[in-house]
Amino acid sequence: MISVAIMGHGVVGSGVDEIIRTHKDRLFSAIGEELDVKYILDLRDFPDSPHADRFTKNFEDIVNDVEVRVVAEAMGGLNPAYDYTKRLLKAGKSVVTSNKELVAQHGAELLQIAKDNNANYLFEASVGGGIPIIRPLSKCLAANNVDEIAGILNGTTNFILTKMIAEGMGFDEALKIAQELGYAEKDPTADVEGHDACRKICILASLAYGKHVYPDNVHTEGITKITLEDVQYAANYGCVIKLIGRCKVEEGGMMDIGVAPMFVPCSSQLANINDVFNGIMVRGDCTGDVVFYGKGAGKLPTASAVVADVIDCALHLKRRKLIFWADSKEQNILPMEESKTALYIRINTEDKEAAYNTLTSALGEVKTLSRVDAPENEVAFATANEVKYGDALNAVEALKAQGAEVISVIRIGNL
């Protein structure tokens with residue numbers, strides 16, 4: 001019998017407990033031993049739980065019990081999850097987690113502590129919820145040089161954008177529905193401002209390229225400024241708007257990484273991923289494009305990934321899994337201004353010809369876009385080629401200087 005502990009009995013933690021309770025035969029066949037939940041750490045009481053006798057409010061019970069070999073951290077946030085995880089790993093216990101914030105901020109340090117203590121730190125559920133991506137990226141695609149990773153990494157924003165695209169619904173109305181259905185938190189900032197997607201792309205980039213990428217160093221935009229007018233222009237241009245987390249390494253080793261809304265061509269495999277579903281495209285030099293698709297959140301999908309990591313740890317007691325990246329204090333992130341992308345720009349202006357000339361002078365060839373019932377003074381453009389984002393910002397300032405009101409600037413993805 002292998003004793004495990006679960007820290008946190010919220011949505012994910014209760015799902016982990018449920019799966020271990022209800023899938024005992026399946027888990028036994030996978031491991032060859034029974035998994036036993038010895039402790040569940042939570043400050044609340046759950047007298048109606050089938051494991052009511054396993055609850056504790058004292059972390060010391062877990063860290064000091066030599067029988068506990070694997071711990072599932074489902075607390076979320078940085079504190080006290082960070083301190084608890086460090087102490088568990090230093091005690092030689094393996095830890096699995098769905099905590100993307102913790103992995104994105106402290107993954108390199110925790111992986112090193114695990115290595116030093118012959119333990120494992122696994123986090124399959126931290127990026128795609130129930131979508132397998134960490135294990136495929138680290139093992140199945142290990143023969144590839146990863147040219148690029150791009151994905152729809154947040155189900156809440158994808159649901160909102162789907163409502164705007166498919167039903168012509170405004171952002172505020174779509175957000176309200178997402179909250180009513182439980183897809184968005186009461187405070188949706190982490191989702192709609194792109195912070196959640198940023199943490200996930202940082203984890204994927206760290207794993208793919210071997211050096212820790214800190215979220216604070218990654219340019220991040222959300223979807224709060226996306227309007228139905230932008231959605232209409234995108235449709236007429238053969239695109240849909242998605243919030244995309246993306247990273248690739250340029251010549252010279254600098255990483256181009258960021259999170260932002262993008263026009264995604266309807267021909268892209270990511271274009272038809274809708275509602276709360278996520279999709280992650282990995283572009284390998286041997287495989288070409290490989291897309292992982294599914295629900296990126298939810299009680300049982302996420303718990304399923306956590307339990308899969310528990311199984312992996314149980315099969316590798318006192319043996320290490322080869323999931324690792326090094327810490328990095330290098331300035332290896334390409335400045336946003338140097339990043340290259342095609343762009344959509346929408347403005348109000350009294351002089352459309354002057355605006356066109358300003359953009360072509362600064363950015364090369366541009367195309368004028370159209371939509372039904374556009375106001376007389378509104379005009380939208382798309383650059384024909386990729387341009388440096390800094391050059392685009394300078395062009396925007398030039399437009400403003402000649403009296404134009406710049407409404408939207410959105411990247412156009414080559415996906």
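Visitor: What volume does the second largest pocket have?
Guide: About 460 Å³. A pocket here is an open set of 1 Å grid points where a 1.4 Å probe fits, with protein on both sides within 12 Å along at least five of seven lines; lining residues have an atom within 4 Å of a point. This is a predicted model: local features need pLDDT of at least 70, side-chain atom pairs need 80 or more, and totals for chains, interfaces and linings use all residues. Numbering runs from 1 along each chain, and side-chain values use heavy atoms, without hydrogens or water.

Visitor: Back to that second largest pocket. Which residues are closest to its centre?
Guide: Glu221, Lys225, Tyr389, Ser408 and Val409, out of 20 lining residues. Helix α15 (389–401) and strand β17 (405–412) each give two or more residues to this lining. Helices are DSSP runs of H or I with at least four residues, strands runs of E with at least two.

Visitor: What classes make up that lining?
Guide: The second largest pocket is lined by 10 nonpolar, four polar and six charged residues. Gly counts as polar.

Visitor: Tyr389 again. What lies over its ring face?
Guide: Arginine 411, at 4.1 Å from the ring centre of tyrosine 389. The cut-off is CZ of Arg or NZ of Lys within 6 Å of the centre and within 35 degrees of the ring normal. Lysine 115 sits over the face of phenylalanine 324 as well, 5.0 Å from the ring centre.

Visitor: And the largest pocket, what's its volume?
Guide: About 1,200 Å³. It has 44 lining residues, with Val12, Lys100, Glu185, Ala297 and Gly298 closest to the centre. Elements supplying at least two lining residues include α1 (11–22), α5 (100–116) and α13 (299–315). The lining splits into 12 nonpolar, 19 polar and 13 charged residues.

Visitor: New topic. How many aromatic pairs?
Guide: Nine. One of them is phenylalanine 159 with tyrosine 183, edge-to-face, 5.0 Å centre to centre and 65° between planes. They sit 24 residues apart: phenylalanine 159 in helix α8 (155–167), tyrosine 183 in the loop between α9 (171–180) and α10 (189–192). Rings pair if centres lie within 6.5 Å; planes under 30 degrees apart are stacked, over 60 edge-to-face, the rest tilted.

Visitor: Is phenylalanine 159 buried or exposed?
Guide: Buried, at 5% relative accessible area. Tyrosine 183 is partly exposed at 37%. Buried is under 20%, exposed over 50%, partly exposed in between, with a 1.4 Å probe and protein chains only.

Visitor: Which residues do ring pairs link into a cluster?
Guide: Tyr121, Phe123 and Trp325.

Key: Phe/Tyr/Trp six-rings, centres within 6.5 Å; stacked < 30°, edge-to-face > 60°. Points joined across faces, edges and corners; volume = space filled by probe spheres on them.
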